[in-house]
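Here are my notes on this one, point by point. Have the viewer open while you read.

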Amino acid sequence: MVEKTVKSKIHAAEQPLNQIFSPQFEFSIPDYQRPYAWGGEQTSQLLSDITEAQQRNPEEPYFLGSLVLVKEEGNPKADVIDGQQRLTTLSILLAVLRELSENPQVRSEMHEYIVEPGRITAGIASNPRLHLRARDREFFTQYIQDQGKLQELLGLSDGQLKTDAQAAIRDNARLLHDQLVKLSEEQRMALIMMLTLRTFLVMVSTEDLDSAHRIFSVMNARGLDLSAADIFKAELIGRVPEHVRGGYADKWEVAEVELGRDGFADLFQHIRMIMTRVRGRQEILKEFREQVLDPYLKESTAASFIDEVLLPYADAYGTVIDRSYQSAGSADRINKWLVRFGQLDNQDWVPPVLWALKHHGNDEQWLDTFLQKLERLAATMLIRREYQTPRAQRYANLLRDLDAGLGLDAPSLDLEPSERLETLVGLSGPIYEARRVVKYVLLRLDETLTGNSGVTYEHPIITVEHVLPQNPHESSEWRSAFTDEERLVWTHRLANLVLLNRRKNAEASNREFDHKKSRYFSGPNGSAPFTLTIQVNGTSEWTPAILEVRQQQLMDRLANLWSLS
């Protein structure tokens, strides 16, 4: 018997959003997919990219990426293998635009992008365009796909949300609403036209699940596909004089091996930022060639680009990644700054650090002062929850200041009084709710409390723990020590938070104060490795009055650390 191998057909086509959110497709997110998880960073960036594309050229198509689907030809039902985060966020964006419109016809037409109204004569049933995973499907239908529920969604408290995905849906709806409500009706209408008519996704579909996963793997497996760096290498090495071409190819490959393929690809993004001093707006392949390489290619100076740009910055990037700065004096302070930067939740600080290492790598004192000022800027932007666009613009301005020779006096390194105040406000509130902020702040705070700026934390696990529990038992002593209102005020603030070098234990987290001190906040030798935690062990009781004093003391430490007063 001869087995036949059936090859699944693969279809790929560019589709505008008015065709994607149409009867042609009924999208479902399979339950084995991860939940919706985009945060404000990605959502803000999506809106910013679409808005900038519209302002740049309202007639030019804008490509938003790709979707990988399992879909039978002629059948609208489609399982989403890759692209659910983008599809879900676009649905939220369309819903916010629908609710903000003052025109009943526009609201009706926008609703049809979100929910198929059904057509009896065509045999089409009413149905949402997108079905989330089962656990969040009803929530998404109720607050996003049904009309008139946006304000109710925006007002939901954390306690009314059952999953992180539902919190992300609410938070991103809030963010988009806050941005779009500032626009006029005419501006929102222009954005709608840009979205529906001139924003495209590349739809890749196959009828076979295994084939779809292979497509997804190939599209995302860096190291298997041809990267932008590979193309730049071919263009540059090909322009190097033949008698030295082999040597330059070897230099290139050594740099790529030392950084790793992913790191080497990221390096081109950082070099583009350093040399253009503007945030990237299009794909690296197009922008890097036009904005960086063209002069070297036209003037046949490809070798000088490799010698004077690529290799020095590759060396600097290796120093950043490995925290391996070396000097005749003590390099520990510089490497400690690099460790701190690595604890941030973004890489936007990398280009200024690379510039500093390339231009002042032999001046340890200059580097130390510069990195201290830069960390202050980066930390305060983190605390103020600056999104990627304004954050990248600030670093671009800094690079301009540095190129202008302003050095340590660069205005972009300093903080406006309003920025210092906003940072203090962020630190004084329920900082635990800002999950990407709180651990960094506590680690920096703990450093200052040790009195040793060179302290390092090499624990494989570091977690943030509440002293006053988030959910004490009804019979707990915590209920008598704190009123409900006092718990609301203090639970998530700095004064009530400590660091642990172990995974959090839900049962132990809710125990009484004396038990937590003796069993949970102490190490094997009766002491905790963090000064923040040691301080708690030395406290006889935990009350609102003690927290108020502690909060002010910790705030004073941070205000002094980052010169916020």
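1. Is Arg277 buried, partly exposed or exposed? With a relative accessibility of 24%, Arg277 counts as partly exposed, given that buried means under 20% relative accessible area, exposed over 50% and partly exposed in between (1.4 Å probe, protein chains only). Arg277 sits in the loop between H11 and H12, and its phi is near 60°, a positive value in a residue other than glycine.

2. A word on provenance. The model is predicted, so local features need pLDDT of at least 70 and side-chain atom pairs count only at pLDDT 80 or more, while totals for chains, interfaces and linings use all residues. Residues are numbered from 1 along each chain as its sequence is written, and side-chain values use heavy atoms, with hydrogens and water left out.

3. Ser563 is another non-glycine with a positive phi, at about 50°. You'll find Ser563 in the segment after helix H25 (544-561); helices here are DSSP runs (H or I, at least four residues), numbered from the N terminus. Ser563 has a relative accessible area of 46%, so Ser563 is partly exposed.

4. Next, the packing of helix H10 (residues 228-237) on helix H12 (residues 284-298): their axes are 11 Å apart, at an angle of about 20°. Axes are lines fitted to C-alpha atoms, for helices over the stretch in contact, and angles run from 0 to 180 degrees between N-to-C directions. H10 and H12 are therefore roughly parallel to each other (angles under 35 degrees count as roughly parallel, over 145 as roughly antiparallel, 65 to 115 as roughly perpendicular and the rest as oblique). The crossing of H10 and H12 is right-handed: that label applies if the near helix is turned clockwise from the far one by less than a right angle, and left-handed if anticlockwise.

5. Who makes that contact? On the H10 side, Ala228, Ile231, Phe232, Glu235 and Leu236; on the H12 side, Ile284, Leu285, Phe288, Arg289, Leu293 and Leu297. Contact means heavy atoms within 4.5 Å. By class, the contact of H10 with H12 has nine nonpolar, no polar and two charged residues (Ala, Val, Leu, Ile, Met, Phe, Trp, Tyr, Cys and Pro count as nonpolar, Asp, Glu, Lys and Arg as charged, and the others, Gly among them, as polar).

6. Phe232 and Phe288 turn up again in one aromatic cluster, together with Trp252, Phe264, Phe268, Tyr296 and Phe305. Rings of Phe, Tyr and Trp (its six-membered ring) pair if their centres lie within 6.5 Å; planes under 30 degrees apart count as stacked, over 60 as edge-to-face and the rest as tilted. By this rule the count comes to 16 aromatic pairs. The rings of Trp252 and Phe268 have centres 6.0 Å apart and planes at 35°, so that pair is tilted. Phe268 and Phe288 are edge-to-face, 5.2 Å centre to centre with 75° between the planes. Since Phe268 lies in helix H11 (residues 242-276) and Phe288 in helix H12, the pair ties together parts that are 20 residues apart in sequence. Phe268 is buried at 1% relative accessibility, and Phe288 is buried at 0%.

7. Finally, His177, in helix H7 (residues 164-180). His177 is buried, with a relative accessible area of 12%. Not counting residues up to four places away in sequence, His177 touches Val96, Leu100, Leu150, Gln151 and Leu154.

Key:
Helices (H or I, at least four residues) and strands (E, at least two) are DSSP runs, numbered from the N terminus.
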